[in-house]
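The paragraphs below walk through one protein model. Please look over the sequence and the fold before reading on.

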Amino acid sequence: MSLPVLVAIVVLGIALSVAAVHFTGGSKMATLTGADQAIGRFAEDFPDEIAIAVRLTADSRSAFLDLGHGRTGIVHGIGDCFLTRIVTPGDVIVSNADETNTIQVRLTDFTWKGGRFRLASDVDARALLNALEPRDTSSAREAA
């Protein structure tokens, strides 16, 4: 078999494989339809946790759940699946991004490093930023 024919067969095989994955749903992006779906998906992995408030991102790919006691639950779409995490202010580095209603979250977890999240409103962005900022407990200990 000549080299040009072999190259053509390989290129065609790769193109057909990529097309098959795409048309069978392999390039589908998971999105949340609302707060109820975010709570339900989070409860599949953490059934004993109860969310007090849910903040969805503007693109509906992520949700942040207030779990109380300084803990935040995260539901984030990766591909056609959802990743869930529970974080505390000590687990993240959070900052305002340059865009409106957007925050940057960096996790210490090596399996997922976080990302940029644009929330639906400025109120949600500020509340999430406040929930994930580290607390200075040394002044409270000194006062006690």
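Helices (H or I, at least four residues) and strands (E, at least two) are DSSP runs numbered from the N terminus. Val7 counts as partly exposed because its relative accessibility is 43%; buried means under 20% relative accessible area, exposed over 50%, and partly exposed in between, with a 1.4 Å probe and protein chains only.

The model is predicted: local features need pLDDT of at least 70, side-chain atom pairs count only at pLDDT 80 or more, and totals for chains, interfaces and linings use all residues. Residues are numbered from 1 along each chain as its sequence is written, and side-chain values use heavy atoms, leaving out hydrogens and water.

The protein has four helices and seven strands. Their order along the sequence is α-α-β-β-β-β-β-β-β-α-α. The radius of gyration is 21 Å, well over the 15 Å that the globule rule gives for 144 residues, so the protein is more spread out than a compact globule. That radius is taken over C-alpha atoms, and the rule is 2.2 Å times the number of residues to the power 0.38. The C-alpha trace spans about 85 × 30 × 30 Å along its principal axes.

Of the 144 residues in the protein, 29% are buried. Among contacts (heavy atoms within 4.5 Å) with a separation of 6 or more, 40% join residues 24 or more positions apart.
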